[in-house]
Amino acid sequence: MLALTEPGNLPGMARIFSGIQPSGELHIGNWLGAVQNWVNLQRTYDCIFCVVDLHAITGKYDQVSLAIRTREMATGLLACGIDPARSVLFVQSHVPEHSELQWLLNTVTPIGELERMTQFKDKSQRFESVPAGLLNYPVLMAADILLYRADLVPVGDDQTQHLELTREIARRWNAEFGNGADYFPEPKPLLTEATRIMGLDGQAKMSKSLGNTIGLLDSPEEIWQKLRPAKTDPARVTRKDPGTPEVCNIYHLHRYFSPPATIATVADNCRGAKWGCLDCKRVLADNMILALGPIRERALSLQERPEMVDEILADGATSARRIAAETMREVRDRMGLMPRLRGALSS
Ligand code: TYM
């Protein structure tokens, strides 16, 4: 997986922060666009990863299953290879400083900037009365990143606009309260080659909310049943029609799951109408099942030990809070809030 900025470009060990919403299953778009990169980056960077449950409540959600989905997301990340011995992994709401910093950053964030966010424009159309949380979503994201003064943020393409805004918020806060210094670094995105994986409908980005995903923990049969009806080259109506692999989403997915020789065979057999789309999908399904099998096995075994996952998240929250508390002391001080005589009660 490609890291566009190497650690050597930055003095000391650069810090990475990234997050994922527990709003549904962990899917191959998340994995190829971000999580696979997180796993690789933890060898060379100081990494902090977060299950962002507070972001997942900005729309309609099911409060009965939120905690379960939060643990499931953490389980999925551990199964992918996030290693608690190398990285900090925690749940956003377990570190209350995220919400506090968000409030303070609201004071330097222009509403106009929030209103022009593409995701806000899209998602706000689903509401008759738009919740303020949806508008302020990117400020919480800025708080997540700036709380740890992260240098780099590995994400998919859909988050780069939010990151631009984070940099803008950091600049404005530094100008106002930095006392001539850049207290908050301006974080840069780290993109993979798979910046935007399309959904199985071939129409939109693969997304939990659109139901066009393949889950990372899907069984071999589920993977096949989802791939079977997936959209391919629209111009290929019958098996005898020669296809154009470049316009086919299934071909693109082969690029991430199949070896180079297979990818070449797929392209050749598609152009020459030697394979039907189902043949091509069967090969993809087999390679996907092979790649995802070990992750699924690890997840199934972790699901048997939920208390171990909870322990990892509790340790992660303790480590995260140590850094967060230090940042908040500085931030409160620089913003002129009255110092506390005693520390706040731990929650
Ligand atoms: P979320 O939960 O939607 O997605 C998690 C990560 O997966 C990437 N991703 C994709 N990449 C390629 N193709 C796709 N189809 C695809 N779908 C999702 C996302 O870009 C993301 O990197 N707002 C964030 C969560 C967040 C966050 C943060 C991220 C909250 N605070 C701070 C970074 C830093 C989100 O909703 O991601």
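A residue is called buried when its relative accessible area is under 20%, exposed when over 50% and partly exposed in between, with a 1.4 Å probe and protein chains only. The model is predicted: local features need pLDDT of at least 70, side-chain atom pairs count only at pLDDT 80 or more, and totals for chains, interfaces and linings use all residues. Residues are numbered from 1 along each chain as its sequence is written, and side-chain values use heavy atoms, with hydrogens and water left out.

**View 1. Helix H11 and its buried residues.** Helix H11 spans residues 277-303; helices are DSSP runs (H or I, at least four residues) and strands likewise (E, at least two), numbered from the N terminus. Among the buried residues of H11 are Cys280, Lys281, Asn287 and Leu292. At Leu292 the helix bends by about 40°, and Pro294 follows within four residues; the bend is the angle between axes fitted to the seven residues ending there and the seven starting there.

**View 2. Packing partners of helix H11.** The buried residues of H11 pack against several helices, including H1, H2 (66-80) and H12 (306-334), where contact means heavy atoms within 4.5 Å.

**View 3. The shell around the ligand.** The ligand is surrounded by 28 residues, each with a heavy atom within 4 Å of it. Gln21, Tyr137, Asp144, Asp158 and Ile197 are the closest.

View 4. For polar contacts, a pair of N or O atoms lies within 3.5 Å. A polar side-chain atom of Asp144 is 2.7 Å from a ligand nitrogen atom, and a polar backbone atom of Gly156 is 2.8 Å from a ligand oxygen atom.

Notes
Polar contact = N/O pair within 3.5 Å; in protein donor to acceptor, adjacent residues only side chain to side chain.
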